[in-house]
Amino acid sequence: TDLAHIRNFCIIAHIDHGKSTLADRLLEFTGTVSKRELMQQTLDQMELEREKGITIKAQAVRMRYKALNGEEYELNLIDTPGHVDFTYEVSRSLAACEGALLVVDSTQGIEAQTLANLYLALEANLDLIPVINKIDLPSAEPERVRQEVEDVIGIPKEDCILASAKEGIGTQDILEAIIKNIPPPKGDLNAPLRALVFDSHYDAYKGVIAYLRVMDGSLKVNERIALIASESSAEILEAGYFHPKMTSVGELTTGEVGYIATGFKNVKDCRVGDTVTVPSALGTIQPLAGYEPAKPMVFAGIYPVDSNDYPELREALDRLKLNDAALFYEPETSNALGFGFRCGFLGLLHMEIIQERLEREYNLDILATAPSVAYHVTKMGGEVIEVDNPSEMPSFGEIEKIEEPTMDISIFTPSRYIGTIMDLVTTRRGIYKDLKYIEAERVLLTYTMPLAELIIDFYDQLKSRTQGYASLDYSFAGYLEADLVKLDILVNAFPVDALSLIMHKDNAYYQGRALVEKLQKLIPRQMFEVPIQAAIGSRVVARETVRAMRKDVLAKCYGGDISRKRKLLEKQKEGKKRMKMVGSVEIPQEAFMAILSLG
Ligand code: GDP
Ligand code: MG
């Protein structure tokens, strides 16, 4: 197709504002997919995505649309991941487009991720088409939300398209606006190949499938390609586009979006953001801007509940890694939990997804230690090391200073919740930056907050304190020095590595107290008295004692308020029989599970 008849666009929205539903309507209207085929949401393929209602992997679908001007266009819709952990993937998908539909729910208005995605779209120089969705609902306020779009985003309210993705209202207007308002791609057909990898996945038969936007030149099946950042090369085994099924056509040219099958065995050979070119052009052409290697931000130990499952856990992680260049892991051993892996994730959601996939797709019972972040530790004498595992923190005397990752967070909320949010953020060491009224009753609050505080239950707390009305977005802000300590838990004077935590000095006493009290209830009596201590270095901040055995053992040991992982605990009845020896004390594995799942 000639460039003038191609349009590449994506849909950006806050979660639940109707991105997937609108994509379905566009596919249906253009005859790309039938109504019946749409019964199963086409763009959200993974089971987990469908259940969580989010899109994890970006996808691209080509549609053909005969416009009212009588001409036929090739429209490439690139779906973007809907969660803040995947900001980099979103930014690469946007970089493959010239325009975006900005969907705003007319019963809600602009939310935190509406703005976060908008900023990414502006950075990518995209032309925007605002779509006010869900106008079929009785509670819709299209006029109010339109005004909000004009006030907050600066797009004239007349330019907003009123739509109902559910009822198919406005679909054709949107398609016409795409033709009219989004520019066709630019690029040089005669230049050496340059294509942007905006996603990839591993296919057992075809190897890694890379999703590409061709910026310059063209590519054909059987030609050799080279990837600049990954320093890898391969032969193109297949080239085509999604319609929405993989449709092989043998060639992709300037301005087009599609896929190639590479035969790579691992997505790390073909990373998101990388530039595909031909081997002969290496060294002479400029790589496309914006490549960044994936950087894990959240870390945790993952252990098999049954140590016999260790080889299976390794294999499952190997397999997940094939498809997920951002997943990081290496073997680790713990005195309390045995053999396992230290894993790194892009964020909390990424971590949850991996844990759930291990449990569901690979049928593994796993145990995860409390999530941690990567600290920059300057040792006496000036050496700087990165520590993502609390048990590897150097001892007190060796440390000159510790810096922790902090995030810029923005919260959209009805103004009546300002007080309770301020309160929450302050207890999480947040630093107030700004408060802006978006409308009479709605505000945008911004803070800087340590990532370590954000990953412990912050989102749930925010939602519950605001009856679900507040929305949250965050992005990495930088490293800041903080008064942090390592809190060790000692059983019979022996440190339990899996329970070590790094935290702010002010919280250590309270946290230490709580952990020691919980553990005291969970450890069965032994033949001798067992001290349980929380300590910072050699200073004990809390202590309890498990008294020596008498008759009334175990009575109500495992009660308590264990909500989050109750299911797992119930499955693990046999786990009770498994004992770990820590400092000559036999501790049921269940005690660790209970402590770790209490959070
Ligand atoms: P996404 O998270 O942005 O992809 O949102 P979805 O497309 O999954 O939509 C979220 C929810 O809103 C789903 O239950 C949809 O059925 C519903 N929804 C989407 N668009 C409309 C609409 O125009 N009208 C109504 N009434 N519901 C809609
Ligand atoms: Mg969706």
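Before anything else, a term: I call two strands paired if DSSP finds at least two bridges between them. Helices (H or I, at least four residues) and strands (E, at least two) are DSSP runs, numbered from the N terminus.

Ground rules. My model is predicted, so local features need pLDDT of at least 70 and side-chain atom pairs count only at pLDDT 80 or more, while totals for chains, interfaces and linings use all residues. Residues are numbered from 1 along each chain as its sequence is written, chains are lettered from A and ligands numbered from 1 in the order in which they are written, and side-chain values use heavy atoms, with hydrogens and water left out.

**Entry 1: a four-strand sheet**

I started with an open sheet of four strands, which has the order S18-S19-S17-S20 and antiparallel pairing. Strand S18 (328-334) and strand S20 (366-368) are at its edges with a single partner strand each, so one side of each has no neighbour in the sheet. From one strand to the next, the twist averages 30°. (Axes are lines fitted to C-alpha atoms, for helices over the stretch in contact, and angles run from 0 to 180 degrees between N-to-C directions.)

Next I looked at strand S17 (residues 298-304) and strand S19 (residues 338-345), which run antiparallel and are joined by five bridges. Which residue of S19 stands opposite Val 298? I found Phe 345 there.

Helix H7 (residues 310-322) lies across S17, S18, S19 and S20, at about 15° to S19. Helix H8 (residues 348-360) packs on the sheet as well, touching S17, S19 and S20, and its direction makes about 15° with that of S17. For me, contact means heavy atoms within 4.5 Å.

**Entry 2: strand S7**

Is S7 mostly buried or exposed? Seven of the ten residues of S7 (residues 194-203) are buried, so the rest of the structure largely encloses this strand. Buried means under 20% relative accessible area, exposed over 50%, and partly exposed in between (1.4 Å probe, protein chains only).

S7 runs antiparallel to strand S8 (residues 207-216), with nine bridges joining them. The two form a hairpin with three residues between them, and I noted Val 208 as the bridge partner of Tyr 202. S7 also has two bridges to strand S16 (residues 275-277), again antiparallel, where Leu 196 stands opposite Thr 275.

**Entry 3: two positions from the record**

UniProt (unreviewed entry) gives a "binding site" feature at ten positions that I checked, including Lys 19 and Asn 133. Such annotations may be inferred rather than shown by experiment; the positions are in the numbering used here, and feature names are shortened.

I found Lys 19 in helix H1 (residues 19-29), buried at a relative accessible area of 11%. Asn 133 is in strand S5 (residues 127-133) and is buried too, at 4%. Leaving out residues up to four places away in sequence, Asn 133 touches several others, among them His 17, Gly 18, Asp 105 and Ser 164.

**Entry 4: H1 meets H6**

How do H1 and helix H6 (residues 171-181) pack? Their angle is about 85° and their axes are 10 Å apart. That makes them roughly perpendicular, a label for 65 to 115 degrees; under 35 counts as roughly parallel, over 145 as roughly antiparallel and the rest as oblique. Leu 22, Arg 25, Leu 26 and Phe 29 of H1 meet Thr 171, Gln 172, Ile 174 and Leu 175 of H6.
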